[in-house]
Number of protein chains: 2
Amino acid sequence: MTLEDAEKLDAADPLAFARARFRLPEGVIYLDGNSLGALPATAQAALVNTVEHQWGDDLITSWTKHDWIDWPTKIAAKLAPIVGAKPSELLIADSTSVCLFKLLAAAVQARPGRRTILSQERNFPTDLYVAHGLCEMVGLKLRTVAPSAVLDAIDDDTAVVSLTHVDYRGASSYDMRDINDAGHAQGALVLWDLSHSAGAVQLDLDGAGCDLAVGCGYKYLNGGPGAPAFLFVAERLQDELRSPLQGWMGHAEPFAFDDDFRPATGIGRFLTGTPSILALAALDAGLDTFEGIAMADVEAKSRALSQLFIDEVEARCGSEVRLASPRDPAIRASHVVFAYADGYAVMQALIARGVIGDFRAPDLMRFGFTPLYNGFADVFNAAQILADILGSRQWDQPRFRTRAKVT
Amino acid sequence: MTLEDAEKLDAADPLAFARARFRLPEGVIYLDGNSLGALPATAQAALVNTVEHQWGDDLITSWTKHDWIDWPTKIAAKLAPIVGAKPSELLIADSTSVCLFKLLAAAVQARPGRRTILSQERNFPTDLYVAHGLCEMVGLKLRTVAPSAVLDAIDDDTAVVSLTHVDYRGASSYDMRDINDAGHAQGALVLWDLSHSAGAVQLDLDGAGCDLAVGCGYKYLNGGPGAPAFLFVAERLQDELRSPLQGWMGHAEPFAFDDDFRPATGIGRFLTGTPSILALAALDAGLDTFEGIAMADVEAKSRALSQLFIDEVEARCGSEVRLASPRDPAIRASHVVFAYADGYAVMQALIARGVIGDFRAPDLMRFGFTPLYNGFADVFNAAQILADILGSRQWDQPRFRTRAKVT
């Protein structure tokens, strides 16, 4: 593969037009859309409109006049084709961690007598922390097993299986259908964390028989730093489940100001407090970057980009750099990790040269491929720069070894 | 009182300069800062900077480069003089409802064996819903009594007393010191909801011996629609209390990605998920509107404004309009409600004439006075317009009777 070959792939890329939907800085190859999606070109104007004309001019009347009250469901509906769900099954709310807590708590309440939440070892930390905090509160047990042991570990004591669909480190993914079926066969509910899948790979939540899911708004969905999260509750479960984290925005009639809580019908019952309208405006612009785009195309390009990166890195960087993601593209999502003992310093040296990925302890250099704005030449060049940094030991400097608070 | 008298009060007002810190629409008298604070003049530029230069240009590196990781504590520190607390006792996080849940749950865990959360009837609904949801989860009892019965109802079964400092309807306020002392005498913790107090009246959380508090960012703190909330945990309690709604941002080392949760030391342990940076940027601009302003001046002006409104309305509107806020300014905070059978329609007629207040069921017309941007002439004119609408029955039209989803 040469740069010219990569450029030919870009020229033939059916998603190439989508890059214009983002404002990316010159000279940067951004391979961290799996941590923070790039800025949508329309986000700033959307925020200025919300701030100046809605908040500023129309003040409190905007809740009705600009329909703010319905934004959590209206904006969530844009996720429907991205995750393969009905619009009425989706809601934007809170953070991923808080959404996890709400749905896990609702799920264990709906399975009284069962005493276990089943998850995997080395799940994304917050998924384990939330489940553990809930278990301590209500006297349940959090059981974690290796990914390969999950199917067999589901039993009639399992209230809910809580898994991250795509591993945040290595990008390996579960077969949703298998886990859902196994969970249901034992009478358990299944909750998926889609933080590293939504917007990156093709999902079919309804088709795969999913019960519950949460996901992150600020990664592949381009909703901005700390964007609100989303949650999914299958239609068939919406009447049965109730979030015990119940607040006025989830009430059937919030403005009746009743002392007693009556949950709204439908997905709205999973709202708690007043949503951040500014954060929603940015996430709305993020979701608009997917308008008219087929997730099958996104997934196909994601696979092609990550495969090109793996091939080029392995051809150029030698065996000290070890692929720590699945080699099989069928079970690998949209990021790739390479293990390298001095990975932290190498990543800082890459960032200094304009190739932005991130690092996950203890030794993983993580590179995310975002089909909407990453191209094949980007990926080719990133691999070449990585090879150059390693070959010349450019990373071996104190300034690259100093650990930042956030990695 | 004449308009000229009111204008003289404005000319002599030591806080008059603060109005320039806001962008208010022409021709509007905004008396709903207790529902949604007006737009700070600097908010839009702050958001554009955060979006364009931080998110857009510096992307993921902004967590370190622009110190995003510390914004929840750094911005919260600006609340210290507003609420009378140490900077290290304050945190910006989530919504008020979610913050309530976290601190209530932490409080009841810290008082094992005690089976009651004590609150008041007709508290702000979300306070009751959250407490009730928690009680159902962990097998406790929510007991609500009339405000006047709270002191006597605290007993050795009370884990936590949860009250809203200033009533959202009538603006009556509790004596914090009395309740705190009574709670502590019985071994209970006390949690205050400051949503209708913070930024409106002078508070001294530390001086009054407060344990825990939460409050709203989008009312008198001018943080924008659905702004994140704040929470307060007295320093002496920070090591003892743990939020069971535990997420990765509250971990001692979030980027160690450990499977086990170890809470951060200090107030940071009460963070859960990733905070919305855009929402924080707006709230930061909101808190800056208080820079250099003494809360004693804010409270004094608030009392003067609300008293002027009461006097003018009572002099002009006749006895059908009944004051439903305390007449004693010592126990009345910064808004005033008048009961009127057709209050909803009257409020819509007021809004149509540029006087924006709001309505609370069943019959309360609510007017909030924000000393930073409301003046005496505003208040005088608002009373006059109300009298005119009532005298000429301008409100008696179908268009004013149609109830909106949000009141």
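**View 1. Polar contacts between chain B and chain A.** Across this interface of the predicted model, 26 residue pairs are in polar contact, both at pLDDT 80 or more (a pair of N or O atoms within 3.5 Å; within protein, one must be able to donate a hydrogen and the other to accept it, and residues adjacent in sequence count only if both atoms are side-chain atoms). The side of chain B that touches chain A has 48 nonpolar, 25 polar and 14 charged residues, with Gly counted as polar and Tyr, Cys and Pro among the nonpolar ones.

**View 2. Salt bridges between chain B and chain A.** The count is six, a salt bridge being a side-chain nitrogen of Lys or Arg within 4 Å of a carboxyl oxygen of Asp or Glu. One of them joins A:Glu52 and B:Arg23, at 3.7 Å from N to O.

**View 3. Area buried between chain B and chain A.** About 7300 Å² is buried, 69% of it from carbon and sulfur atoms (accessible area, 1.4 Å probe, that two parts lose on being put together, summed over both). In chain B, the residues that lose the most area to chain A are B:Trp55, B:Tyr129 and B:Phe257, together 12% of what that side buries.

**View 4. Domain 1 against domain 2 in chain A.** An automatic or database assignment gives domain 1 (3-30 + 293-401) and domain 2 (44-288). Contact (heavy atoms within 4.5 Å) involves 24 residues of domain 1 and 18 residues of domain 2. Zero salt bridges are found across this interface.

Local features need pLDDT of at least 70, side-chain atom pairs need 80 or more, and totals for chains, interfaces and linings use all residues. Residues are numbered from 1 along each chain as written, chains are lettered from A in the order written, and side-chain values use heavy atoms, without hydrogens and water.
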